[in-house]
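Here is a short briefing on helix packing and local contacts. Look over the sequence and the model before reading on.

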Amino acid sequence: MTALAGLHDIDWSSLEQGSAVPRLLARLADGDSSALRDLYRLAPDGEDVRPWVVWALPFLLDLVTDQARPLRGDTLRLVGDLAGADRTWQMAGRTLTAKRTLAQWPALQDLLIDEDTSVREAAAYTIRAVYRLISNPTGDLWDRFAEEPDADVRLTLLRTSVITGAVGGGYELTKVWLASVADTDDDLRVRISALTELMALYNPPPFDVARARETLLAAYRDGLNREPEPVVDMAAPLLAGARMATRQWTPGYHQVVSAIRATYRDDITAHLDLLHEMLAMDAWDAKQDALYEARTLVQRLRGPYGPLVARASELLFDKDAQIRAASLRLLQGIGEVARPSTDAVWATISGAKPFIHQGALIPAVEMLAGLRDDRVLPILERLLDDAPDTRDLHQCIAGFGVRARGLGRTLRRRLRGLRPDLYAERWRFDAHRAGLLEALVSVAPSEAADHLLHEPLDLTGLDRLTRTGRASLSRAAEIRTLLTGDDPALSLAAARAIWFVAGDADDAATVYDQYLDSPAHAVTAIDGLAELNSRATARAPRLSRMLKGRSPAAVKVAAARALWRITGNPSSARQLGPIWNDDQRLRPRIAALWVETGMGTYARRYVQAELSIAPRHNLTKIGLGPAEVSDDELLLTDCRRLLTEKPRWSI
């Protein structure tokens, strides 16, 4: 037992949990694999190692050096775990002592060329523990990687090279090396691992996109992204090292998919080809990554998404729960584009399923409500009684407008039954009442007037009175007192309210006149004049001057719309082409006016150019939500109408 000479010269019993170490080392020397498990159990997980590790390390290294011993690879892996190969940041206490002992061991790098494959792989792993204490570890690993014949060892060498090289001055060189490996290596696992590690680094260098796409799809097909069976025989407390030793798998290829897609830029065909190929695979990870990427694609670019939505609708019934959830998340996040999937989404809702989860509507109900699908109205009415505090419930009801008029009786009953003493905090009562009132005003405005008799006349209160119209005539006198206030926003809101509630066009127009030259409120004032229609005919010359002058673009668009509404002359709409080219944010409003005035002939060249643009008109650096996607889809719909409908006016 040369390797264990001097083992009993140490007072192991004086060390914490050290009494069993001599016996376990002897069993390990005899080839008993269960001794490895027991030594793992004596070590802490993620903490500074215990004193016995420092004393046992030389004996373990001797066992590894002796080529006649069994379990040399497993023993060296244990050494790496004890010295913190999975805790490269830990450079203090007894762990640092263990790392220094290992770094001073001259045989460590020699084991990279050992005849035993398991020893070479364990050596490539163990170097992670000491790379900060030895010179040029990355260069030696790269040299060894080029000569290593075994694919498993090459894989470990690659991952260790990233840990040792992606710091300090080696960061950029490591990225270049990974890109080269990803482009040229013959082993699929090595290539996909190099790609994944490369994409995890900041600002990766150019790579062969066609080769990367081929590698990615092959890795999905071969199931290389699958988690292996969990380790059960190496239980606590040293779990981190055991996981590192066995779970050498790639935790996801979505970064690779994103990087490949980034090279396609605005080529929607290339994007969809990749995603459709992933969705056609019999691999849950490929489908899940494709569904995740598809959401960002739809939110960024316009395109023919019918087949994609149809495939997502099919996957709503996949046997994998994660795929079903990812499909629903995709459809929920793309607004109007998902409308063809409503039947499939409705089919996923069963009567026995709860309609709320953690205080909010389940995604399927919320999505159908967002698309104003009348089939969910009975569900929303039921929830008004069963779970009236459900988050966003009242907002979803309000979105249906008068189409949900049948819910008015339930909303009124809920409003009458509200009592502040039933709520622990007053703000909860106020929020619940405000939600019910907003829903009632939206779905049955004439029936909400009685509940608005004592509402404060702020911006929200005035807006609700405006929507109830003549039913709130009793509050007209109070509204008039706000027409001459100091707050422009409140005065303009009062002017609109006095028109809809009392039909007083003169008082409303007088207020609007005061703010036509205000940079902050001119658009609101002009839109108010447009609602007065022919009753604001006297303001037409002034609006015409604003349209032809040097007014801001938004003011000119509002003036053109108002002139059409007031005079019935569509000629003002013919002057908006330059604004269309200069300000894409105003295009939805201009397109709606062109549709309203039948300006298809004049608008043809503008809308044809718009339909040829790939990015959405309202795209921001942080992407778009479902509402913004729907807004852009509405713009595209108006553009198509201008091309297909027969124009009413010549240029």
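At what angle do the axes of helix H14 and helix H15 cross? They cross at roughly 155° and come within 8 Å. This is a predicted model: local features need pLDDT of at least 70, side-chain atom pairs count only at pLDDT 80 or more, and totals for chains, interfaces and linings use all residues. Residues are numbered from 1 along each chain as its sequence is written, and side-chain values use heavy atoms, with hydrogens and water left out.

**Helix pair H14 and H15**

- H14 spans residues 268-279 and H15 spans residues 284-300. Helices are DSSP runs (H or I, at least four residues), numbered from the N terminus.
- Axes are lines fitted to C-alpha atoms over the stretch in contact, with angles from 0 to 180 degrees between N-to-C directions.
- H14 and H15 are therefore roughly antiparallel (an angle over 145 degrees).
- The crossing of H14 and H15 is left-handed (the near helix is turned anticlockwise from the far one by less than a right angle).
- H14 brings Ile268, His271, Leu272, Leu275, Met278 and Leu279 to the contact (heavy atoms within 4.5 Å).
- H15 meets them with Ala286, Lys287, Asp289, Ala290, Leu291, Glu293, Ala294, Leu297 and Arg300.
- By class, this contact of H14 with H15 has ten nonpolar, one polar and four charged residues. Ala, Val, Leu, Ile, Met, Phe, Trp, Tyr, Cys and Pro count as nonpolar, Asp, Glu, Lys and Arg as charged, and the others, Gly among them, as polar.

**Helix pair H30 and H32**

- The axes of H30 (residues 553-567) and H32 (residues 587-597) come within 10 Å and cross at roughly 20°.
- That makes H30 roughly parallel to H32 (an angle under 35 degrees).
- The H30 and H32 crossing is left-handed.
- From H30, the contact uses Val557, Ala558, Ala560, Arg561, Trp564 and Arg565; from H32, Arg589, Ile590, Leu593, Glu596 and Thr597.
- The contact of H30 with H32 has six nonpolar, one polar and four charged residues.

**Helix H9**

- H9 (residues 171-184) has 14 residues and reaches 20 Å from first C-alpha to last, close to the 20 Å expected at 1.5 Å a residue.
- Thr174, Lys175, Trp177, Leu178, Ala179, Val181 and Ala182 are its buried residues (under 20% relative accessible area, 1.4 Å probe, protein chains only).
- Their cover includes H7 (137-147), H8 (151-165), H10 (188-199) and H11 (209-221).

**Leu490**

- Leu490 lies in H26 (residues 488-502).
- The C-alpha atoms of Leu490 and Leu459 are separated by 6.1 Å, at 31 residues apart along the chain.
- Leu490 touches Leu457, Asp458, Leu459, Leu462 and Leu482, not counting residues up to four places away in sequence.

Note on methods. Helix = DSSP H or I, 4+ residues; strand = E, 2+ residues; numbered from the N terminus. Parallel < 35°, antiparallel > 145°, perpendicular 65-115°, else oblique. Expected span 1.5 Å × (residues − 1). Buried < 20%, exposed > 50% of the residue type's maximum accessible area, 1.4 Å probe, protein only.
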